[in-house]
Every structure is written in C-alpha cells, then in structure tokens.
Amino acid sequence: PHLSMHALDGLVFEDVPLNAIADAVGTPTWVMGAGTLRARYRRLAGALRDAGLAPSIHFAVKANDHLAVLRVLAAEGAGADVVSGGELRRARAAGIPAAGIVFSGVGKSRDELHLAVTEGIAHIAVESAEELDVVSDVAVAAGRTARITLRVNPDVDAGTHEKITTGLSTNKFGIAYARAADLYARAAALPGLHPLGFSVHIGSQIVAMGPYRAAFARVADLVRAVRARGLSVGLVDCGGGLGIRYRDEVEGAPMALAGAIRAELGDLDVRLAIEPGRWLAGPAGVLLSRVILRKAGQDGLPPFLILDAAMNDLARPSLYDSWHGILPLSARDAVQPVESVNVVGPVCESADSFATGRMLPRMGDGAAVALLDTGAYGMVMSSTYNGRPLAAQVLVDGGRWSVIRARQPVESLWAADRVPDWLAPQPV
Ligand code: LLP
C-alpha cells in the first residue's frame, strides 16, 4: 500500500521516489517509512481497542533498533520489549520511559538485571527457577523491588520455521508449564520480588490463530490455578509473533489476534501487554541494491543477478530460506519481459543467495532493485563479513527523507584492532 510504481518516478515509497535515494546515497541502503510505521501501529492498536482491549504495546527492539524508528513508535504510545542491557539503554536513549520497557531473554547477566532493577522498568520476564533466585538477589542488593512476570513455556507448536519457534518444551525458552504455579508461589515468597503475572511468547511469523489460542488458554488456566492458591495475578504479557505477508501467506490480522486474546484472556480481569516486532516494522522497510553484474548461467541455466547487497546485509534468506519480494526501481525495467533468474550477493558462500529461479523483468548491470519487507530483522542482523561496511539507513516520512545513519566508513572496520607490539612493525 505504501509502495507504488509511477511511469516517470519509478518505484515510490510513501511519497519519495526510491531512485532519488539510491542515486544520492548509493547502495545498499535500508529505507524505513515513518508513515507506514505509524499507520501499522494505529491499525494494531485500533483492532485491540475495537475488541475492548487496551494492552500496553511494547515494540520488540530486536526487530529494528534505530533511534528514529523507536522515536516514531514511542510518539504513537509504544513502549519497548528489550532482550539485553544494550537494547534497554538504546530504548532509554530513544526517549522511551523506563515504565514502558519490558525485559525478556533466556540469559540475562547480573549487570543487565541490575540496570533493569535500578531503572525501574515495567517488568522483567523471568525464564527459569535459577534466574528467579538471581533476580531476587540483585534486587535485594540494590535495595529495590523487581517487578517480574514468569515466562511460561506452554509447549505449543507455533507452526512456524523451526529456527524461530520458541514455545515447545524442547526449546530453551521459558519455564516448564507444570512447574510454573509452584514457582509463582516461590516468587511471591522471595525477597525483592513483586510478581505481577505471566508472559508467553511461542515464536515468530505466526499467521494462524490456533497456536495463539492454545497458548493463551493454557496461561489462563495457570492464572486461575494460581489465584485459587490465594496469590494475586494482575498481568498477562502475550508476547509477539504476529506474522506478515512475505509471499503468499495471509498476513496475521490484528483483529484475529485481538479476538484470540479476548476469547481466552478477556474475562480474567488482568492488565494485558503485547510485544510485536515484525508486524509493525517488517513491511515498513525496503533494502535498496544495485545489480553489479549480470552473469550468464551455464548450459542454458538461469542467469545470475549479482547484487551489491549480500547475506551480511540481509541475513534472513541464508538463515531461514526466507522469501523477500524484489522489485525494480525504474519503471522502464519494470515493464521488460520476465525471465527466471538467480539473485545472489557477492559474498563467498553459496548461502549468499536472495532468490533462486525467481521470475523478474529482465534487468542488466546497474539496475536498481528493492528487496521488500526488510524493516524487521534486516539491518539489525547485519554483519561486516567479507570486509563489507554496514549499509546506510534512510527514513522517509511522507514526502520528506533523511539519511538516519551514514554508510559505515571502511576504515572503521579495523579502527579498533590493536596489533601487539611484539609483532613485527607494519611494512611500509
Ligand atoms: N517477544 C519475545 C520474547 C521474542 O523473543 C520476540 C522475538 C518478540 C517478542 C517479537 O516477535 P515478533 O513480533 O517480531 O515476531 N530473526 C528472526 C526472528 C526472531 C524472533 C525472535 N524473538 C527472523 O528474521 O525471522
């Protein structure tokens, strides 16, 4: 909806022709749409409101951690879901109040917990019996009370890619369902802890509501069981995971998620929270790249379009075999006859491939393309493998655009290297 093809301007994102950005900033370049982010946030919040729910919404910072992105969402009312001290400090640096921050993650260091406790964040999701003792310890040492939830592993299959499934008992995440009620009682008895309720997150890129309903139903049973013991439960954090349409999936609908939450948790009389990442940010970003070279395939096989973006920039296809749409930026390229091509990057690995046998309009050297739906788990997962600096980042906002992070200067790749002085001096 926020991308359109124009006869003169080519591919336009919100109101900005992407060619103008590719020409001015070079490629590869990540582009985020502020208007798109706002529109998606409002759709999600609106669907929940229409269902009579008013959960606090904590954007999963891991999906896209740029300060400008966090700022756009914070202005809409979002808090943050963080998984490290680094993300916590980043969220604070973006101006998100501590009271809007939740902290989950399977291994939090004492330093990170100390930071969370002294900042006074909304809650820490505790993921094991062992961690419960550490949080109590850290809070007591700091002279504070830590607000916590217990993250339950509901042993529900989210029906998504195995590498982004988290709610199975074989996964490392969360507290075994059968132990959760006892542990909640223990949390209530330990010093320095204020248990608020439960968290659950079963995975990412979930497009069917069945697994959500099953997980929420188990949490609801747990809340009732714990209350029956005379303990108070005031909060359920429903996690993230809502999926988007990359190819032909049906996008996870906010209305359907709202319905699932209301059906299973609606009459529990608890405050609710959610932690969406991908659904908000994914479709709000594209990665611009150019064809370095069109290389003929062997023996009549499809040609290779070798892009200047690679797996070090966008890791998802090499990690999860994920599919991302690819569109030419120029209107002239867009109307060429389609052909089957292999779209790859220049990194020295066969895994550095974006698409195999993809039907695309015929493009040659220098043609610019957009890789779609890369606003979540894109830039944040980049590395500098193969001596490739981190790509530039741009924010469009309606008709305006601005570079929000310059391309990394190549010298900075080795600027922090220190060569021990017993090694031979540098040859000149
Ligand atoms: N809450 C918790 C506790 C999480 O672990 C995650 C994501 C989220 C919220 C946000 O989930 P979302 O709404 O974005 O699905 N790199 C992978 C995705 C990893 C997701 C990890 N946890 C990918 O590119 O598909």
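Visitor: Why is Leu222 called buried?

Guide: A residue counts as buried if 20 or more other C-beta atoms, placed from the backbone, lie within 10 Å of its own, as exposed if 12 or fewer do, and as partly exposed in between. Leu222 has 22 other C-beta atoms within 10 Å, and is therefore buried. This is a predicted model, in which local features need pLDDT of at least 70 and side-chain atom pairs count only at pLDDT 80 or more, while totals for chains, interfaces and linings use all residues. Residues are numbered from 1 along each chain as its sequence is written.

Visitor: What is Leu222 in contact with, leaving aside its neighbours within four places in sequence?

Guide: Two residues are in contact if their C-beta atoms, placed from the backbone, lie within 7 Å, and by that rule Leu222 touches Val152, Ala180, Ala181 and Phe198. Val152 is 70 residues away in sequence, yet the two C-alpha atoms are 9.5 Å apart in space.

Visitor: How do you know that the span of α8 agrees with its number of residues?

Guide: Helices are DSSP runs of H or I with at least four residues, and strands are runs of E with at least two, numbered from the N terminus. The expected span of a helix is 1.5 Å times one less than its number of residues; the 20 residues of α8 should therefore span 28 Å, and its end C-alpha atoms are 28 Å apart, which agrees.

Visitor: What puts the buried residues of α8 on the same side?

Guide: The buried residues of α8 are Pro211, Tyr212, Ala215, Phe216, Arg218, Val219, Leu222, Val223 and Val226. They cover an arc of only 155 degrees around the axis, so they lie on the same side of α8, the arc being that of the directions from the helix axis to the C-beta atoms. The face turned away from this buried side carries the exposed residues Arg224 and Ala228.

Visitor: Which residues make the contact between α7 and α8, and how many of them are charged?

Guide: Tyr177, Ala180, Ala181 and Tyr184 of α7 meet Arg218, Leu222, Ala225 and Val226 of α8. Ala, Val, Leu, Ile, Met, Phe, Trp, Tyr, Cys and Pro count as nonpolar, Asp, Glu, Lys and Arg as charged, and the others, Gly among them, as polar; the contact accordingly has seven nonpolar, no polar and one charged residues.
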